Amino acid sequence: MKQILLGPLNLQEDTLFSYIRENVKDYLHAHWGEEECQEDVSLLRKQAEEDSHLDGAVLIPPRSDGADDTEQMIQAVVDNVCWQMALDRKTPALKQLQGHIWRAAFAAGTVKAEFFEDVVPAIRKWRQAGMKVYVYSSGSVEAQKLLFGYSTEGDILELFDGHFDTKIGHKIESESYRRIATSIGCSPNNILFLTDVTREANAAEEADVHVAVVVRPGNAGLTDDEKSYFNLITSFNELFLPSST
């Protein structure tokens with residue numbers, strides 16, 4: 001295997017997602033008049049309309065110039081974001097707003113991405129062995145680059161050979177992994193995909209991609225069948241990969 005494809009970003013995620021919940025309202029107030037923010041809200045509004053049949057879904061009213069209406073709309077966006085996050089949804093609209101909130105926080109030095117301690121040393125080791133490392137995340141490519149550019153380890157973007165998000169396809173669809181293989185110029189069976197989601201692991205295997213399921217604190221539990229079927233690791237240090245040279 002010459003290519004490593006990281007599914008989860010292997011972050012200590014509590015701080016980052018707590019920051020979104022605690023600061024989304026302040027961010028919206030600060031950036032409400034900006035075109036980018038309104039584009040984010042429009043995407044969330046459209047997503048909310050598609051979700052209207054779901055229990056607890058929060059609709060976002062159309063834009064209005066009245067101060068009271070604006071406050072009502074901002075609160076609806078906040079409630080919608082918190083509802084989606086509580087369900088661990090990964091819609092493009094949610095991910096886009098999250099990425100923009102993190103961008104502002106990273107630029108201000110308010111928050112940094114913190115990875116599990118085994119992640120960065122392992123990636124450096126793989127690269128020294130001649131392997132290429134890519135990221136495939138439900139978070140946008142923009143958000144990925146922010147996380148790796150503003151981390152507690154410093155700017156580590158140079159460790160990655162490419163980034164993929166759901167624009168190439170959803171992570172539970174096997175065709176997505178075939179497209180990635182084509183994009184990076186190798187056969188699927190030359191890729192090892194590391195993920196913490198078994199539905200993604202199944203999709204990757206269907207595309208003839210090798211898989212290891214990463215078990216981290218806070219991850220969803222695995223069934224007994226999943227534990228016996230998949231190759232499980234709790235640290236990147238448990239991977240023993242052949243050199244590509």
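## Packing of α2 against α4

The crossing of α2 and α4 is left-handed. This is a feature of a predicted model. Helix α2 spans residues 35-50 and helix α4 spans residues 92-108; their axes come within 8 Å and cross at roughly 150°. Since an angle over 145 degrees counts as roughly antiparallel, α2 and α4 are therefore roughly antiparallel to each other.

On the α2 side, the residues that meet α4 are Glu 36, Asp 40, Leu 43, Leu 44 and Gln 47. Their counterparts in α4 are Ala 93, Leu 94, Gln 96, Leu 97, His 100 and Arg 103.

## Packing of α7 against α8

Two packed helices are described by the angle between their axes and the distance between the axes. For helix α7 (residues 174-184) and α8, the axes come within 7 Å and cross at roughly 60°. That angle makes α7 oblique to α8. The crossing of α7 past α8 is right-handed. Ser 174, Tyr 177 and Arg 178 of α7 make the contact with Glu 200, Ala 203, Ala 204 and Glu 206 of α8.

Which residues of α8 are buried? They are Thr 198, Glu 200, Ala 201, Ala 203 and Ala 204. The cover over the buried residues of α8 includes α7, β4 (191-195), β5 and α9 (224-229). Glu 200, located in helix α8, has a relative accessibility of 7% and therefore counts as buried. Neighbours within four places in sequence aside, Glu 200 is in contact with Lys 171, Ile 172, Tyr 177, Phe 193 and Thr 195.

Asp 208 follows α8 and is found in the loop between α8 (198-206) and β5 (210-214). Although Asp 208 is not a glycine, its phi is positive, at about 75°. With 46% relative accessibility, Asp 208 counts as partly exposed.

Most residues other than glycine have a negative phi. Asp 88 is another residue other than glycine with a positive value, its phi being near 55°. The loop that holds Asp 88 runs between α3 (67-86) and α4. Is Asp 88 buried or exposed? Its relative accessibility is 53%, so Asp 88 counts as exposed.

Gly 56 is placed in the loop between α2 and α3. At 46% relative accessibility, Gly 56 counts as partly exposed. Gly 56 and Asn 80 are 24 residues apart along the chain, and their C-alpha atoms are separated by 9.2 Å.

## Nonpolar cores

In soluble globular proteins, nonpolar side chains tend to be buried together. Here the largest nonpolar core has 53 residues. Those with the most contacts inside this core are Leu 6, Leu 28, Trp 126, Phe 160, Leu 194 and Phe 236. Apart from it lies another core, of 21 residues, which includes Phe 164, Ala 201, Ala 207 and Leu 222.

What does Leu 6 touch, when residues up to four places away in sequence are not counted? The list comprises Ile 123, Trp 126, Val 133, Tyr 134, Val 135, Tyr 136, Phe 160, Phe 193, Leu 194 and Phe 236.

## Surroundings of Val 120

Val 120 is found in helix α5, which covers residues 119-128. At 3% relative accessibility, Val 120 counts as buried. Leaving aside neighbours within four places in sequence, Val 120 is in contact with Glu 153, Ile 156 and Leu 159. One of these, Ile 156, is 36 residues from Val 120 in sequence and 8.4 Å away in space, C-alpha to C-alpha.

## Cysteines

A disulfide is a covalent bond between the sulfur atoms of two cysteines. How many disulfides does the model contain? With a cut-off of 2.5 Å between cysteine sulfur atoms, the count comes to zero. For Cys 82, the closest cysteine sulfur is that of Cys 37, at 15 Å, which is too far for a bond.

Cys 82 counts as partly exposed, because its relative accessibility is 29%. Cys 186, by contrast, is buried, with a relative accessible area of 16%, a value under the 20% limit for burial.

How values were computed
Residues numbered from 1 in each chain as written. Predicted model: local features only at pLDDT ≥ 70, side-chain atom pairs only at ≥ 80, totals over all residues. Heavy atoms only, no water. Buried < 20%, exposed > 50% of the residue type's maximum accessible area, 1.4 Å probe, protein only. Core = buried A, V, L, I, M, F, W, Y, C linked by side-chain atoms within 4.5 Å. Contact = heavy atoms within 4.5 Å. Axes fitted to C-alpha atoms, helices over the stretch in contact; angles between N-to-C directions. Helix = DSSP H or I, 4+ residues; strand = E, 2+ residues; numbered from the N terminus. Parallel < 35°, antiparallel > 145°, perpendicular 65-115°, else oblique. Left-handed = near helix turned anticlockwise from the far one by under 90°.
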